Every structure is written in C-alpha cells, then in structure tokens.
Amino acid sequence: MEKINDQVLKELLMTFGPSGHEEKVRQFIENEIKDYVDEIQVDVLGNLIARKKGPGKKIMLAGHMDQIGFMVTYIDKNGFLRFTNIGGISPTISLSQRVIFNNGTIGVIGSEHLESAKDLKLDKMYIDIGATSKEEAEKLVEIGDVCGYHHDATIDDLKVISPSLDDRIGCYIMMETIKELKEVKNDLYFVFTVQEELGIRGAKTSAYRVEPEIGIAYDVTMTGDTPKARTMALKMGKGLAIKARDNSLITHPKLKEHLVNEAKKGNFPYQIEVLEFGGTDSGAIHLSKEGVPSGVISIPTRYIHSTCEMVSTKDVIDSVNYSLQVLNSDFPF
Ligand code: CO
Ligand code: ZN
C-alpha cells in the first residue's frame, strides 16, 4: 500500500461505536471486506470474524472496533445528563468536548462551578444537549444511552488526527491487509473485536471459538516523544512497534523474534514497545484454552483516549505492508 484511502479511514473513524454498541462499525467493516474473504461470521458478543483460507498456520489477528465513551445515568429537571464512563475517560480531556449519541444527538460536556481544577471529576460533570427541561431531553436521550467523542478527522501526508484511532486504526490496517493480500499462505482469521476498552472481553470469546495457533493484535500504544513526556522509547513516525510487554501480556519470545526478523528482512523501521500500563486483545488470546503464542503490532500514538489522538501516516502505511509480509511468512515454531 502506498497511500491511505482517506474516505474509508475517515468514515471508519467517524462511525459510532462505544463499547457494547459496535453494530455500525461492524456493518461498515463487513461491507468493506466481504468480497475479499472466504468466510465471515458474527459471534454472540458481536465480534466480526473474517477468514482468508490458507494451508499454513492458523493465525488470529485482532483489532478492537469499540471506542471509549459515556453512559447516561440520570437526567435532571433542567435537561442536563449525568453520566458514567465507558472505559478510560479523563475528566480534564472531556471538558468542553462534543459528544454524539447513536441517534445523532450532539451534546457538549460541562462542569459545575469548582473552586479548583483539581476538583474536576466525572461526577461534577454533565452533558448538555441543549434541552431546557427533563421532558425535552427525554425525547432524545434515555437513561442507559451511550455516546462518544464527536470530532472531525484530519488526514494528511504527515499524520492522522481523530478520536477513536484507538483502535479503528488497527481495524483499518487489518482491512487494508485483507484487501491487498493476494496469495494466502497461512489460515488467517481476522477478528474485529468488541468491548476491549472494558477489559478485553470480545477477544476472549472469539479466541475460544477460533482456537488459533498464533495470535497477533493490532492496537495503539503510547509514545515518549512530546515535550517532557513520561520516559518511553517510542516515537511517532519512527516505525511500527513490536510489543515486548504490557500489563496483559509478555509477547511470546519466539513470536517476538519472528516479528523482529521479518521487520529486518523487509527493511521496515521498527521499535520495541515496553508499555507500563494498559493491555490489549492479545492479553486474552494468549490465555485462551491451553495457551497461544501471542504478540502485538502497535502503532505509536500521541494523546491516546482524547478527541485528537495522533498517528503518523507513514507508520500506518508501513504497518499494512509489514502485515502483508508477516502474514505470508513461515512461522518457525
Ligand atoms: Co484504549
Ligand atoms: Zn485500544
């Protein structure tokens, strides 16, 4: 792949899909890839499982469709919505941001008057959809409804900026890989998972069903390259990252070695990722049944879990081309 398909990526990024509400994302992905795969199915929890048949190893690839968001807990008499978080939501980042519900209703996040910025907590905050009474609000939103950040995506030659790059960018890399992979040497199960942000739920059930011999997730990871950032060796734009660890997984040593060798062979710039918190789908895959050698291809991402997550366009393109090579390689274990 030489260029990002702006239209496909933008639509994927802007599609509504907080954890547990991935239907629209799933429909979009299914439509895009169905002509390029041999089998496609949806499991009980809503994971989309697309297979490209090949004679070699049975490999499960995973990228999560869900995004972080908010769920309405209470509607007050003036029509303001109180909420709880779905996944890792920061109060500071959320203040004054727009959110969108499944029916298209848009609101903004506000906060009570506080003496100190330190007092900013989610329970001091509310969503304002412009209603002036409970009745007016209830015509658009119910208790239990969910919403996610609403912000336009920017795509240019240098970078992509958008909410939900975690992990639609992983989904996008998998979709492009599916479209471009011609001769298939391994038995590939591309799984677009649900509810990763709530504790890696979809990958758990889908791995149980697929029973892979090898697991590889695609997800975002943090960087240490912004002014006075927390110390971390990763930089945006300096290549895809091969995970060594996060809080859910130590990458299987043989798989890590293989992923590194393939990067060297194809002259792909790569970085080793040591993430000191968080986890991803491979955390569930590697503990499935009797255990599955698993790893992660990570995309160095700035401002994770904000409305303006940022990745390098080149890293995305490299990741697709690297995937095309890795998935057709001989796994020596
Ligand atoms: Co996340
Ligand atoms: Zn993620």
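Author: In sequence, the residues that donate to the cobalt ion (ligand 1) follow the spacing D-x30-E-x107-H. In this predicted model, the residues in question are Asp166, Glu197 and His305, and they coordinate the cobalt ion (ligand 1) at 1.8 to 2.6 Å. The arrangement is classed as irregular because the four donor atoms subtend angles of 55 to 148° at the cobalt ion (ligand 1). For comparison, ideal tetrahedral angles for four donors are 109.5 degrees. A zinc ion (ligand 2) lies 3.5 Å from the cobalt ion (ligand 1), and Asp166 coordinates both.

The domain assignment gives domain 1 (6-67 + 163-327) and domain 2 (69-149), with 13 residues from domain 1 and 13 residues from domain 2 taking part in the contact. Their C-alpha centres are 30 Å apart. Together the two domains bury about 1100 Å², of which 62% is on carbon and sulfur atoms. His305, with Phe16 and Thr307, supplies 43% of the area that domain 1 buries against domain 2, more than any other three residues.

As for polar interactions across this interface, the rule finds zero salt bridges but three residue pairs in polar contact. On the side of domain 1 that touches domain 2, the residues divide into four nonpolar, six polar and three charged.

Definitions and conventions. Residues are numbered from 1 along each chain as its sequence is written. Chains are lettered from A and ligands numbered from 1 in the order in which they are written. This is a predicted model: local features need pLDDT of at least 70, side-chain atom pairs count only at pLDDT 80 or more; totals for chains, interfaces and linings use all residues. Side-chain values use heavy atoms; hydrogens and water are left out. Domain bounds come from an automatic or database domain assignment. Contact means heavy atoms within 4.5 Å. Buried area is the accessible area (1.4 Å probe) that two parts lose on being put together, summed over both. A salt bridge is a side-chain nitrogen of Lys or Arg within 4 Å of a carboxyl oxygen of Asp or Glu. A polar contact is a pair of N or O atoms within 3.5 Å; within protein, one must be able to donate a hydrogen and the other to accept it, and residues adjacent in sequence count only if both atoms are side-chain atoms. Ala, Val, Leu, Ile, Met, Phe, Trp, Tyr, Cys and Pro count as nonpolar, Asp, Glu, Lys and Arg as charged, and the others, Gly among them, as polar. Donors are N, O and S atoms within 2.8 Å of the metal (3.2 Å for Na, K and Ca); water is not among the atoms, so sites may look incomplete. Four donors count as tetrahedral if all angles lie between 85 and 135 degrees; four count as square planar and six as octahedral if opposite donors are over 155 degrees apart and all others between 65 and 115; anything else is irregular.
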